[in-house]
Amino acid sequence: MYADTQNDITRQVVRVAQLLLAYGAESELVEEISQRLGYALGLAGVEISISSNSLVLTSLVHGRCITTTRRTREHGINMTIVCELQRICLLTEKGLYGLNEVRKRVSRIEPRTYPKRYLVPMIGLSCASFCHLFGGDIAASVITFFASSIGMFVRVSIAKHHFNLLLNFAVTAFVTTLIAQLGYQFSLTDTPKLPMAASVLMLVPGFPMINSISDMVKGHLNVGISRWGHATLLTVSSVIGITIAMQLGGLFL
Amino acid sequence: MMELLLALLNDAFFSAIPAVGFAMVFNVPKRFLPYCAVAGALGHSFRTLLLHIGLPIEWATFAAAALVGLVTIGFAKRHLAPPLMYAVAAIIPMIPGTYAFNTVIALVQLTAQSEISPELTSEVISNGLKTVFILGALSVGLAMPSLLYFRTRPVI
């Protein structure tokens, strides 16, 4: 294998690992996919070291190794891309894809998200069903629906302008709680506390938390801890939003 | 018996909706959304059944999450997709939202009144412990199949 081929393969593998990390795959999956893709493309070994915001990858073939570092940035969770990359890895392993096809498929990947008009009502319905599951009455569920729909609208609109995620969560929690406490202010429902608890559930950083614990369980302790820290920060900033809204509404002092 | 069945169906339906909603936030491809719904409904109604039998909520959550992990590995093998894609959306309905909310609100109240009151402190501690242990049970339960059966080989 010539040096430039090894360069090329290493670039593709590290690109795949970078995309996987950026769109929210767990470390074990990143390591597994990049190693399998590397072997399938003809490398003798792939070693990868992941930290919270960068990754280092070494590829080994014929006693010659190339080490390369990439900066990774969080792009929000996108399972479509993770799924696509896993498929590319499997197809390469089966011998259906060579280096050129991998390059073509990887360069064609672009993040697509669900449009706002589906996302907003769906999250409203989700939080309304949480409220129902916690034992709230119909009026409470309706309040939850409107509060979290408007909250989700705010969240998506802010995210479009690339604001800091922490700021986004604080503002969204503020708006959501402001609407959800209408049940207290006008005594519309018998269970006024439940809409407030249920409507902010859309801000629970579920994916970072699950990812962080499963990273730590599988031995990637430092990535797990940094993800845990991120999830905690997100929770704290939404709590700040909730608190300000509740104090404005005079619910506690 | 009939009542229990109705309660379980109610549970399954109303936990399938959040599973799909959050799967959309995580941008799960459209063709996999029904599977997220199935896994979410199965997990949450199984937990309700265990709670009905009288298991403590932590153990019930652990068992339900392990069931979700098992089911989603089946889906993943069929579609060649990462199992966590279905699983995280499916366990969202089991996240201890009210416990976490009560903990944080009590904590903020404790800060605001600048003296230690036993009621608020006990509320913080009991709700906080429940939150932490349920979250731990969820994610360790989810990892259970790959810790027990897929120790040395990849899932797909």
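Ile50(A) sits opposite Leu55(A) of strand E2(A). This pairing comes from a predicted model. Strand E1 of chain A spans residues 45–50 and runs antiparallel to E2(A), with six bridges joining the two. A hairpin of three residues carries the chain from E1(A) to E2(A).

## Strands E2 and E3

Strand E3 of chain A covers residues 64–71. Eight bridges link E3(A) to E2(A), and these strands run antiparallel. One bridge pairs Ser54(A) with Arg71(A) in E3(A).

The hairpin between E2(A) and E3(A) has two residues between the strands. His62(A) lies in this turn, with a positive phi of about 50°.

## The two faces of E2

In a regular strand, side chains alternate between the two faces of the sheet. Strand E2 of chain A, residues 54–61, has one covered face and one uncovered face. Leu55(A), Leu57(A), Ser59(A) and Val61(A) make up the covered face. Ser54(A), Val56(A), Thr58(A) and Leu60(A) make up the uncovered face.

## Annotated transmembrane regions

An unreviewed UniProt entry annotates "transmembrane region" in chain A at residues 118–135, 141–158, 165–184, 196–213 and 233–252.

In the model, residues 141–158 of chain A are 100% helix and 0% strand. The end C-alpha atoms of that span are 25 Å apart. Residues 196–213 of chain A are 67% helix and 0% strand. Their end C-alpha atoms lie 27 Å apart.

Note on methods
Residues are numbered from 1 along each chain as its sequence is written. Chains are lettered from A and ligands numbered from 1 in the order in which they are written. This is a predicted model: local features need pLDDT of at least 70, side-chain atom pairs count only at pLDDT 80 or more; totals for chains, interfaces and linings use all residues. UniProt positions are given in the numbering used here, feature names are shortened, and annotations may be inferred rather than shown by experiment. Helices (H or I, at least four residues) and strands (E, at least two) are DSSP runs, numbered from the N terminus. A residue is buried if 20 or more other C-beta atoms lie within 10 Å of its own, exposed if 12 or fewer, and partly exposed in between; C-beta atoms are placed from the backbone. Two strands pair if DSSP finds at least two bridges between them.
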